[in-house]
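Student: Let's go through this one together. I'd like to start with the charged pairs.

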Amino acid sequence: MSLLTMQAQKKITPVDNDPNKPAQPTLHYYDKHGNPLDEPVLFMAELDTVTSVKPRPVYPLLYSANLGFNFFDGIMSLFGQTFSSYDLQASLSLHNWFEPIIELGIGFADNHPEDKNFRYKSKPSFYGKLGINYNFMYKSNPDYQVYLGLRFGYSSFNYEITDVTINSNYWGQSNQFSILNQHSSSFYGQALAGIKVKIWKWFSLGWNIRYGFKMKQSDGSNSKPWFVPGYGTGALSASFSLIYTIPIHTQKREDPVIEIGRGDVHVSGGIPEP
C-alpha cells in the first residue's frame, strides 16, 4: 500500500518537443582560442537556414572615387610603336563591387614603314568611352582588385595617306600620289580583364588586356582608316594606368554579433549602412 501511495505522489515532468520553439543560448566556458574564460558567457546566434548564400556587399554603397591616367602607349612608343592613345579615367566604386567608369583621351598616329610605299598620318583626335568593371574581390581589401569590364567608345577623326608610290617594272617608271582630307568615325566596344594593386598610400597601378569589336564605322571617301583613336589598329590592346583613390568611406560593414553575459546584452561588429 505504501509503495502504491509513493508512486501516486511522484510528479511527472513532460518533455518539450515543440519544433518551433526558439533556440536557447549556449553557455561557453572557453574563448575561440581554447583559453578558459573568467566567467561563463551565454552566446546567442541565429543560424542561416538558406542552402545557398546569395552574394551581397560588405562595404558602403559610395565607397571611393578614382582618377587615373593611362600611359601604356607611351611606353610602347619607346619600342617603336607608331600610334598612341592617352586617356584620363574617372570612376566611382559602388560597394567595392561595381565600378562605373568614363575614359576621355586623345589618339594619333604617324606610321611610315620602311618596307611599305606609303605614310599614314592621323592628327590628334578626341575619343570617349563609357563602361563598368566587376570586381571579383568585392569582400576583400579594396586596395587589390581582380575584375572584368566592358567599354563602349566613340571617335571622330581625320587622317591622310601620303607618299603612295606605284612602280612599273615594265615601263621602268614610278608614280607617286597622296590621299588627303579623309574623315572617319567609329563606334566600338571592348571587353577587358585586369588587376589593380596599391603601391603607396592612395596611389595604385592598374593593368588590363582588352579585346575590341567594331560595331559601326564610316570609312574615308577613298580609303579605310588604319588606326582608330582609343581602339588601336587591331582587336587586341592594353592599358597601364596610375590611379589615385579618393576615399569616401574607410570602414567595412560587418554583421552584428549579439552576446549575452552577466545580465547585459552586447552588440558588436555592426556599422550602420549609410
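Tutor: A salt bridge here is a side-chain nitrogen of Lys or Arg within 4 Å of a carboxyl oxygen of Asp or Glu. Before we use that: this is a predicted model, where local features need pLDDT of at least 70 and side-chain atom pairs count only at 80 or more, while totals for chains, interfaces and linings use all residues. Residues are numbered from 1 along each chain as its sequence is written, and side-chain values use heavy atoms, with hydrogens and water left out.

Student: OK, how many salt bridges come out by that rule?

Tutor: The count is 4. One of them joins the side chains of R151 and E103, at 2.9 Å from N to O. R151 sits in strand 7 and E103 in strand 5, so the pair ties together parts that are 48 residues apart in sequence. Strands are DSSP runs of E with at least two residues, helices are runs of H or I with at least four, and both are numbered from the N terminus.

Student: Are R151 and E103 buried or exposed?

Tutor: Both R151 and E103 are buried. That means under 20% relative accessible area; exposed is over 50%, and partly exposed is in between, using a 1.4 Å probe and protein chains only.

Student: Which residues are linked with them in a network?

Tutor: The salt-bridge network is made of E103, R151 and R210.

Student: And what does D110 pair with?

Tutor: R119, with the closest N and O atoms 2.9 Å apart. D110 is partly exposed at 33% relative accessible area, and R119 is also in the partly exposed class, at 29%.

Student: What about K198, where does its partner D143 lie?

Tutor: The closest N and O atoms of K198 and D143 are 3.7 Å apart. K198 is in strand 8 and D143 is in the loop between strand 6 and strand 7, so this bridge connects parts 55 residues apart in sequence. K198 counts as partly exposed because its relative accessible area is 30%, and D143 gets that label at 25%.

Student: Let me zoom out. How many helices and strands does the chain have?

Tutor: There are 2 helices and 12 strands. From the N terminus on, the order is α-β-β-β-α-β-β-β-β-β-β-β-β-β. The chain has 274 residues, and 31% of them are buried.

Student: Switching to rings. How many aromatic pairs does the structure hold?

Tutor: It holds 19 of them, where rings of Phe, Tyr and Trp (its six-membered ring) pair if their centres lie within 6.5 Å. One aromatic cluster takes in F69, F71, Y86, F108, W207 and F240.

Student: Last one, S185. Is that buried or exposed?

Tutor: S185 is in strand 8 and counts as buried, with 17% relative accessibility. S185 and F157 are 28 residues apart in sequence, yet their C-alpha atoms are 6.2 Å apart in space.

Notes:
Rings of Phe, Tyr and Trp (its six-membered ring) pair if their centres lie within 6.5 Å; planes under 30 degrees apart count as stacked, over 60 as edge-to-face and the rest as tilted.
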